[in-house]
Amino acid sequence: MTEHSITRLLVANRGEIARRVFTTCRRLGIATVAVHSDPDARAPFAEEADMAIALGGAGAAESYLRADAIVAAARRAGADAVHPGYGFLAENAAFAQAVLDAGLIWVGPSPAVIAAMGSKTEARERMQAAGVPMLPGRTLDGVRDDGLAALGAEVGYPLLVKAAAGGGGKGIRLVPDAAALAGGVEAARREAASAFGDDTVFLERFAGGARHVEIQIVGDRHGRVAALHERDCSVQRRHQKVIEEAPSPALDPGTRAAMSAAAVAAGEALGYVGAGTVEFLLTDTDEFFFLEVNTRLQVEHPVTELVTGLDLVELQLLVAEGHGLPDDALAPPLRGHAIEARLYAEDAANGFLPVIGTVSRFRIPGDVRVDSGVRDGSVIGPQYDPMLAKVIAHGRTRAEAARKLADALARAQLHGIVTNRDFLVRILRHPEFLAGGADTSFLERHDPAVLAAPLLDARETEAAVAAAALALQARRRRDAHVLADLPSGWRNNRAMPQRTGFMLGERELTVDYALGRTGGLETLRVNGTDLPHVAVHHCEEPGIVLESGGLRRRYDVSRDGDRVFVNTAEGQVALRESPRFAEPVDADLAGSLRSPMPGQVVRVLVEDMADVEAGRPLLVLEAMKMEHEVVAPHGGVVELRVHEGAQVEAGTVLAMLNVDPEH
């Protein structure tokens with residue numbers, strides 16, 4: 001087998017995966033090339049590469065999905081290989097073939113394998129022929145109406161409608177019964193067409209209460225396929241992974257060996273070359289069934305790297321050059337436990353709505369690995385997936401890994417944008433998760449809105465808000481040009497306490513404080529309630545230490561315009577300081593329902609001026625290739641302000657909901 005050395009690699013991707021590949025390339029002495037869209041021109045990955053080439057455009061269709069432009073960029077840069085990362089064109093057989101036709105090395109499996117596994121329907125047929133256990137399922141080619149109902153009955157309920165192309169939880173609908181089948185198929189087709197350009201879907205029996213366990217495989221051009229143990233990705237929402245770990249807490253050695261053997265058989269049947277993943281559902285009786293083969297590096301690959309000590313990107317490059325698998329890949333060790341959490345810019349308490357904005361500070365402390373695509377000042381726009389980072393902890397035991405990861409996330413300084421951090425920490429500390437009992441129904445048993453509640457309770461939040469007010473006044477005194485040695489607000493005669501106002505979301509908080517001549521606290525109240533026996537132990541940049549009952553706690557306080565962030569060892573509070581003299585503003589439209597994000601109105605579900613009940617879906621927004629329902633928060637008469645197909649910005653009034661006295 002001819003070997004071809006890679007000297008310069010182009011990564012046909014963006015964000016954290018591009019940076020991840022570049023890290024290995026630098027260690028191996030391989031030069032790197034980035035391609036980028038217009039919004040990503042100053043992104044960390046584009047600036048860290050040895051060369052960067054603009055693809056133009058803002059959205060993926062104008063940039064990262066342009067196979068011809070990427071191949072042309074590789075030629076222009078003198079690259080001899082292309083790594084696709086994950087997402088975008090990573091599982092596009094035509095792109096892989098275009099790279100090969102250009103005389104470049106493709107870091108991945110053959111176009112034929114990608115095409116076969118890219119169609120989940122063909123993948124099912126190929127795996128069934130290889131003897132891999134399968135769930136009942138049926139294709140829907142040309143099937144409509146009565147035929148659809150018959151196939152649904154044949155598969156059995158509940159079932160999943162799944163996109164034949166793509167992944168990432170897109171184009172999937174859970175159908176509980178026959179009445180919901182037609183609507184589920186329609187919604188899955190629409191989302192699949194938007195995300196992958198292919199609306200082909202199929203039906204598959206839903207195995208409730210099962211675990212999602214996958215085997216990492218890697219194959220070389222000499223016909224060898226190795227299994228690098230498993231990952232458990234059972235904690236999911238909307239069929240998208242949230243927490244991943246290796247090894248699985250549910251697998252005994254016998255099941256691990258059987259599942260690994262099935263994955264290797266699948267890889268050998270395909271003639272698989274490169275890194276890939278064979279995904280299974282594992283039942284509570286230790287039966288497992290094939291889900292799909294991902295012909296690329298997985299988002300969650302770091303947990304495998306931490307427990308085996310192997311660099312999966314290095315293995316990808318090694319086999320792409322024609323080398324055989326090394327001995328440590330053919331007999332991989334399994335050391336300790338690793339857990340990964342996906343940190344997103346999203347509002348987990350509000351239906352996981354994606355969030356846009358600027359990351360003003362990004363700090364994650366502790367003994368953890370952080371694979372991130374952002375830094376201070378990074379802008380999260382509506383064009384791409386809102387994942388900020390993958391945070392991974394490794395420990396001697398599962399409990400140690402979970403503890404380290406939860407602590408690092410709780411202490412993280414994530415300023416300027418809403419994230420799912422509190423949601424992740426509460427999952428990692430949940431008794432059921434710690435006991436190893438979390439399956440794919442975990443977030444159905446445990447309300448995500450409850451898990452997303454702030455880490456700091458009401459009392460801790462009040463203390464943090466008080467610390468913010470005191471830290472801000474200390475900074476004002478430090479910066480004062482006159483009488484800087486006097487405490488803030490001090491008078492010869494006793495005067496009213498000073499007041500600082502904040503907004504915590506929609507909640508208004510006021511802090512009243514008075515300092516004596518020596519700087520000690522004489523008064524400290526939050527929303528009229530005294531915080532007794534609190535003393536300022538010391539105040540220095542960037543925070544303040546308060547003492548109460550003999551206990552000292554540190555609060556790191558930072559300011560970005562009128563926004564104030566307080567970080568503690570237990571969590572973070574994000575505030576907005578109220579102006580001392582508010583400007584008069586127009587009153588907000590009473591009863592208005594505003595768009596939570598930029599997007600397109602793909603469906604209007606009610607008539608104008610209809611009388612609706614609380615919880616009634618009103619319309620469907622599409623943003624970041626996912627659909628989001630806007631529902632009535634209360635009963636009333638709905639007055640529509642948008643139409644189907646309308647493009648809206650965040651904050652656009654979608655409808656007015658006028659309260660009906662009968663409601």
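Helices (H or I, at least four residues) and strands (E, at least two) are DSSP runs, numbered from the N terminus. This structure is a predicted model, in which local features need pLDDT of at least 70 and side-chain atom pairs count only at pLDDT 80 or more, while totals for chains, interfaces and linings use all residues. Residues are numbered from 1 along each chain as its sequence is written, and side-chain values use heavy atoms, with hydrogens and water left out. Let's start with helix 9, which is followed by Gly271, a residue with a positive phi near 65°.

**Helix 9 and its surroundings**

- Helix 9 has 18 residues and spans 26 Å from its first C-alpha to its last, close to the 26 Å expected at 1.5 Å a residue; the expected span is 1.5 Å times one less than the number of residues.
- Which residues of helix 9 are buried? They are Thr255, Arg256, Met259, Ser260, Ala262, Ala263, Val264, Ala266, Gly267 and Leu270. Buried means under 20% relative accessible area, exposed means over 50%, and partly exposed lies in between (1.4 Å probe, protein chains only).
- The buried residues of helix 9 pack against several elements, among them helix 5, helix 6 (120-129) and strand 10 (211-219).

**Pro111 in helix 5**

- Pro111 lies in helix 5 (residues 111-118) and is buried, with a relative accessible area of 12%.
- Pro111 and Asn92 are 19 residues apart in sequence, yet their C-alpha atoms are 7.8 Å apart in space.
- Setting aside neighbours within four places in sequence, Pro111 is in contact (heavy atoms within 4.5 Å) with Ala93, Ala96, Gln97 and Leu100.

**Helix 18**

- Helix 18 (residues 458-478) has 21 residues and reaches 30 Å between its first and last C-alpha, close to the 30 Å expected at 1.5 Å a residue.
- Asp457 caps the N-terminal end of helix 18, where a side-chain oxygen lies 3.2 Å from the backbone nitrogen of Arg459.

**Two buried polar side chains to look up**

- Asp439 sits in the loop between helix 15 (431-434) and helix 16 (442-445), and counts as buried at 12% relative accessibility.
- A polar atom of the Asp439 side chain lies 2.9 Å from the backbone nitrogen of Ser441, and a polar contact of 3.0 Å joins the side chains of Asp439 and Arg445.
- Beyond neighbours within four places in sequence, the contacts of Asp439 include Gly209, Ala210 and Ser234.
- Ser372 belongs to strand 20 (residues 369-372) and is buried, with a relative accessible area of 8%.
- The side chain of Ser372 reaches the backbone nitrogen of Val374 at 3.0 Å and the backbone oxygen of Leu388 at 3.1 Å.

**Backbone features**

- The peptide bond from Tyr157 to Pro158 is cis, with omega near -5°; Pro158 is in the loop between helix 7 (145-155) and strand 7 (159-163).
- A cis peptide bond also joins Ala246 and Pro247, with omega about -5°, and Pro247 is in the loop between strand 12 (240-246) and helix 9 (253-270).
- Phe88, a residue other than glycine, has a positive phi near 50°; Phe88 is partly exposed, with a relative accessible area of 30%.
- Met609, another residue other than glycine, has a positive phi near 70° and lies in the loop between strand 34 (599-604) and strand 35 (610-612).

Note on methods: Polar contact = N/O pair within 3.5 Å; in protein donor to acceptor, adjacent residues only side chain to side chain.
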